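The following paragraphs walk through the fold one region at a time. Keep the sequence and the coordinates at hand while reading.

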Amino acid sequence: MTKALIRLFIRDADNVHDMRVREQYGVLSGAVGIACNVFLFVLKVIIGLLTGSISIVADAFNNLSDGLSCLISIVGFKVAGKAPDAKHPFGYGRTEYIAGLVVAFIIVLVGFEFFKTSIDRIIHPEPVTFSVVLVVILAVSMLVKLWMGAFNVQVGRRIDSPVLMAAGQDSRNDVITTAVVILGMVAGRFTTLPVDGYVGVLVAAFIVWAGFGIARDTVAPLLGEAADPEIARNVEKIVMESDYIVGVHDLIVHNYGAGRWLASLHAEVPSDSDFVAVHEVIDEAEKRVWQRTGVYLVIHMDPIDVNDEHVTALREQVEGVLNDIDENLSMHDFRVVDGARQINLIFDVVVPFSYDNDAKRSLMMAIRTKLQKIDYRYNPVVTFDHQM
């Protein structure tokens, strides 16, 4: 059914990196969620009024409030799809993450409320009346919510959307809480223990944990997280296809919403190259990256000596020293200032984030010691940085 809805309502459905297509997915998901929750609301209100069950009517209004998450996702996608303007030149794509954060907050709030209700049920146990009508209604609600959860997760994965993944988790949480209600009704026929209260505490803890997990996933891109490894590899691979470019480093990727990436990197080129030709090659590389990945890239050119045998030999010695110390280390921007009594080896070393200041000082001493064992005149001038 999910595929049928996508084919029916979304044009160019496979082009998930297009902002307009992403917006269509978001609106479809929100509309389906609202429709399902309204259906459950009407069904439960009618059954509740006919049977005189206050609990069914109350649960009906709970479904109506669930539509709020669906409305939030629609608003989030609509705002995220707005074109860039003077106030926000990189667009509004991060609004989708904010919408996901709001949904995560709602999930956590529901978890805490369910926890309070469960604790109260343990402290003040009440007999749970078994009702076939209520069980049937709850079972229908569970089936609808199960499908909603699967639908949102499938669409969320398709377009890599945190807000839809959060909505899917919200629907799954509803299924779990409803199952606890049914469990309590069934257990009430065989024991006076508040089984639903004890199970409810565990379920509430799960819901709160899931909500915090979703919040963490949506906050990370807002704070600025490391580049997606696959995107980084693709960008570097495409740039390295170019003539003249012999190496790349200092790739920095900024995310301004799903599918909106801005990046910069340094490209190493031979220092004796025709720089007019190199400039054209770099322009072409930037365009290729945009066309093939959707990443807007700016390349900084770093001239290096590649034809000087003396400099090449020194670079290989330094690379060998770094590899001996830690195979996770790499270097770039290697230069040499030669002298009779002292040879300055100037380079940057890329270290993992696990290296603190003490580790960097120890690393500096190890580099100096190993290099001066090769030649006492070697004076390493090192700048440490991290892979972004």
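This is a predicted model: local features need pLDDT of at least 70, side-chain atom pairs count only at pLDDT 80 or more; totals for chains, interfaces and linings use all residues.

Helix 8 and helix 9 can next be taken as a pair. Their axes come within 9 Å and cross at roughly 140 degrees. Angles over 145 degrees would count as roughly antiparallel, and 65 to 115 as roughly perpendicular; helix 8 and helix 9 are therefore oblique to each other. The crossing of helix 8 and helix 9 is right-handed. On the helix 8 side, the residues that meet helix 9 are Asn 234, Val 235, Ile 238 and Val 239; on the helix 9 side, Arg 288, Val 289, Arg 292 and Thr 293 meet helix 8.

Another open sheet has 3 strands in the order 4-5-6, again with mixed pairing. Its edges are strand 4 (330-337) and strand 6 (378-385), each of which pairs on one side only. Neighbouring strands here are turned against each other by 20 degrees on average, direction ignored. Strand 5 (residues 343-350) pairs with strand 6 in the parallel sense over 8 bridges, and in strand 6 the bridge partner of Val 349 is Phe 384. Helix 11 (residues 357-374) packs on this sheet, touching strand 5 and strand 6, and its direction makes about 150 degrees with that of strand 6. Helix 10 lies across strand 4, strand 5 and strand 6, at about 140 degrees to strand 4.

Val 311 sits in helix 10 (residues 309-325). What does Val 311 touch, not counting residues up to four places away in sequence? The contacts are Asp 305, Phe 334 and Val 336. Val 311 is buried, with a relative accessible area of 8%. Asp 338 is 27 residues from Val 311 in sequence, and their C-alpha atoms are 9.7 Å apart in space.

A buried position elsewhere is Ser 171 in helix 6 (residues 162-187), with a relative accessible area of 4%. Leaving aside residues up to four places away in sequence, Ser 171 touches Lys 145, Met 148, Gly 149 and Asn 152.

The cysteines remain. How many disulfides does the structure hold? There are 0. The cysteine sulfur closest to that of Cys 36 is in Cys 70, and because the two are 8.1 Å apart, they are too far for a bond. Both residues are enclosed: Cys 36 is buried, with a relative accessible area of 13%, and Cys 70 is buried, with a value of 9%.

How values were computed
Residues are numbered from 1 along each chain as its sequence is written. Side-chain values use heavy atoms; hydrogens and water are left out. A disulfide is a pair of cysteine sulfur atoms within 2.5 Å. Buried means under 20% relative accessible area, exposed over 50%, partly exposed in between (1.4 Å probe, protein chains only). Helices (H or I, at least four residues) and strands (E, at least two) are DSSP runs, numbered from the N terminus. Contact means heavy atoms within 4.5 Å. Axes are lines fitted to C-alpha atoms, for helices over the stretch in contact, and angles run from 0 to 180 degrees between N-to-C directions. Angles under 35 degrees count as roughly parallel, over 145 as roughly antiparallel, 65 to 115 as roughly perpendicular and the rest as oblique. A crossing is left-handed if the near helix is turned anticlockwise from the far one by less than a right angle, and right-handed if clockwise. Two strands pair if DSSP finds at least two bridges between them.
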